[in-house]
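Here is a short briefing on a predicted model. Please look at the structure first, then read the points below.

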Amino acid sequence: MQRLTTYILVAMLLGIGVGYACHEVWPDPNTSRAIAGYISLISDIFLRLIKMIIAPLVFSTLVVGVAHMGDVGAVGRIGGKAMLWFVTASLVSLLLGLVLVNLLQPGASLDLPLPQAGAASSVQASSLTLRDFVAHLVPVSIFDAMSRNEILQIVVFSLLFGIAAASLGEKARHVVQWIEELSHVILRVTGYVMLMAPLAVFASMAAIVTTQGLGILVTYGKFVAEFYLGLAILWCLLAAVGFLFFGRRVIELVSLVRQPFLLAFSTASSEAAYPRLMEQLARFGVSPKVISFVLPLGYSFNLDGSMMYCTFAVVFIAQAYNIELTWGQQAVMLLVLMLTSKGMAGVPRASLVVIAATLSTFNIPEAGLLLIIGIDQFLDMGRSATNVIGNSLAAAVVGKWEGDRTPGPGSQPQPEPSPGTFDEAEAREAATAPVA
């Protein structure tokens with residue numbers, strides 16, 4: 001909705017203004033933190049509401065999407081195309097961050113002494129081995145996975161459930177029909193929750209600026225500016241790839257996802273944009289079966305902004321302590337991050353956890369995280385918004401590969417769906433259409 005997008009932008013600006021006023025009136029750190037705690041209550045409730053519906057939304061839409069495909073071959077085909085895109089996008093994002101941080105040298109001017117051996121950050125470093133990753137794919141209990149919003153585990157269970165339902169055919173028709181009705185109910189609840197988005201955006205921005213002030217952006221201005229330059233370059237690369245697939249229609253796609261983009265940016269949570277992103281992709285012409293299959297996978301495997309940040313931040317910390325990393329070490333680091341960055345979705349401050357593990361792997365002081373923790377919220381806003389762009393393009397491209405019929409450049413735009421709907425007519429059409 002154009003009106004909601006405007007409200008979100010206005011709420012961001014008002015939040016910054018109110019936060020700055022609070023920071024100036026109550027400069028004492030303890031007082032400002034207490035005030036910010038009360039302000040952020042609104043955004044905390046909004047994010048809790050979003051997290052409340054993510055698990056049933058992913059389960060219901062993915063099961064219905066897989067069941068409507070009708071055969072395991074279609075699942076494997078779409079999954080293979082999606083993973084091909086995810087791996088390619090991951091490598092590009094990691095490599096771009098690595099190249100830019102070496103060219104721009106944002107940490108070289110800090111020239112910090114090495115910290116004491118006992119110095120550490122508050123972030124728990126946890127190395128992720130291939131064995132841990134594979135074991136983590138399978139949930140101990142689907143209810144446990146849903147209670148903790150383990151998206152990857154929910155996806156695995158939903159895939160198995162959907163494939164089983166498809167193989168049973170007529171016997172499972174009522175079950176699939178019930179789950180499809182459940183998905184429409186959850187999407188209606190989503191519409192109600194999204195009405196709270198401008199208030200949540202206002203509270204989120206006001207709380208950050210109340211505690212940090214605007215000065216922190218000046219102190220780390222070079223690092224923040226160069227990181228956002230890298231994100232802008234990544235956005236341009238994604239738009240260029242989109243132009244190769246869709247021509248000028250990529251402008252329409254960008255226009256449709258600007259609302260989820262702003263929502264993810266202002267709340268620093270790509271999960272907050274997930275429900276609205278589903279609706280906007282349906283308006284673009286991507287079939288519900290592709291959306292419900294590719295998006296949940298993308299939220300675990302296609303975090304473009306987060307992955308670029310990982311390489312950028314690790315090398316920045318090494319530069320700050322005058323630790324030289326050879327190109328061979330950086331190449332190994334890139335491959336390590338390809339593994340450790342997967343499945344980070346749903347973990348609070350997940351990028352920091354991955355960075356902490358990478359620092360310890362390459363003998364870089366973990367206390368270097370303290371250099372970026374203070375501004376991580378501002379950086380996370382850009383990362384989350386970039387993840388939305390990457391996943392929207394991934395779903396649209398896979399949909400095109402699957403033969404989705406999207407309206408041409410000269411056609412009239414589709415009407416905006418009412419809050420909570422997910423193009424039900426198109427969903428019914430996909431349910432009866434033969435598999436491509």
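The model is predicted: local features need pLDDT of at least 70, side-chain atom pairs count only at pLDDT 80 or more, and totals for chains, interfaces and linings use all residues. Residues are numbered from 1 along each chain as its sequence is written, and side-chain values use heavy atoms, without hydrogens and water.

**Serine 158**
- Serine 158 sits in helix 7, residues 151–168. Helices here are DSSP runs of H or I with at least four residues, numbered from the N terminus.
- Beyond its neighbours within four places in sequence, serine 158 is in contact (heavy atoms within 4.5 Å) with Val58, Phe59, Leu62 and Val63.

**Helix 9**
- Helix 9 covers residues 197–212, and twelve of its 16 residues are buried, so the rest of the structure largely encloses it.
- Among the buried residues of helix 9 are Ala197, Pro198, Met205 and Ile208.

**Helix 15 with helix 20**
- The axes of helix 15 (residues 288–301) and helix 20 (residues 376–401) come within 9 Å and cross at roughly 140°. Axes are lines fitted to C-alpha atoms over the stretch in contact, with angles from 0 to 180 degrees between N-to-C directions.
- Helix 15 contributes Val290, Val294, Leu295, Gly298 and Tyr299 to the contact.
- Helix 20 contributes residues including Val388, Asn391 and Val398.

Methods: Helix = DSSP H or I, 4+ residues; strand = E, 2+ residues; numbered from the N terminus. Expected span 1.5 Å × (residues − 1). Buried < 20%, exposed > 50% of the residue type's maximum accessible area, 1.4 Å probe, protein only.
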